[in-house]
Every structure is written in C-alpha cells, then in structure tokens.
Amino acid sequence: MGLGGCIILIAVGAILTFATDWDMQGVDVNLVGVIFMAVGLIGVAVFSSIARRRRVVVPPATPVIDDTRPHGRDGYSDGYGV
C-alpha cells in the first residue's frame, strides 16, 4: 500500500468517526473509523521508514593525484625558465 492509500484510510476513518451518526446493529462505526485511522498512521510510518532506507547517499569523490610529474623544482618544468 502506498502513501496515497494510507492517507485515504486516515481520511475514511476520520469521516466514519467524526462525521457520521450511523447506527448499525452489531457494528460500531466509530470503532471501525478509529481502526482505519490507526492502520493508516501505521502505514504512513512504515512507508516513510522504507523510503528513508532506500535513499542512497553517494560519498564524495576522492581527488585524483597525478604522480607522473617530477617532484621538486628544477626551474624549467613550471614554465618560468623557457
């Protein structure tokens, strides 16, 4: 179930709990609404934890060091003695 389904469950549960006054024999509509809201909140929590775990953090690139240049200054390799 995606994030949209969880939000719909929360909305339907809130409507059943707070906006209706139905009386059904053997069914407590208010309790069903509270259960829907609880399941929707649990779904949002699980979805957000999975989405956070999927996020990939790329480490910064390490600089490349070129060791082919001669070490030390001879006066000609840096262009000043030409």
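I35 counts as partly exposed, at 44% relative accessibility; the class lies between buried (under 20% relative accessible area) and exposed (over 50%), with a 1.4 Å probe and protein chains only. This is a predicted model, in which local features need pLDDT of at least 70, side-chain atom pairs count only at pLDDT 80 or more, and totals for chains, interfaces and linings use all residues. Residues are numbered from 1 along each chain as its sequence is written, and side-chain values use heavy atoms, without hydrogens and water.

**Whole chain**
- The protein chain has two helices and zero strands; helices are DSSP runs of H or I with at least four residues, strands are runs of E with at least two, and both are numbered from the N terminus.
- Of its 82 residues, 13% count as buried.
- The chain exposes about 7,200 Å², and carbon and sulfur atoms supply 65% of this area, as given by the Shrake-Rupley method with a 1.4 Å probe.

**Around I35**
- I35 sits in helix α2, residues 29-54.
- Together with L31, V34 and V39, I35 forms a nonpolar surface patch with about 320 Å² of accessible area.

**Around T20**
- T20 lies in the loop between α1 (3-18) and α2.
- T20 is buried because its relative accessible area is 19%.
- Leaving aside neighbours within four places in sequence, T20 is in contact (heavy atoms within 4.5 Å) with I15 and V29.
- A polar atom of the T20 side chain lies 2.7 Å from the backbone oxygen of L16.

Notes. Patch = residues over 30% accessible without salt bridge, like charges linked within 9 Å, V, L, I, M, F, W, Y side chains within 5 Å. Salt bridge = Lys/Arg side-chain N within 4 Å of Asp/Glu carboxyl O. Polar contact = N/O pair within 3.5 Å; in protein donor to acceptor, adjacent residues only side chain to side chain.
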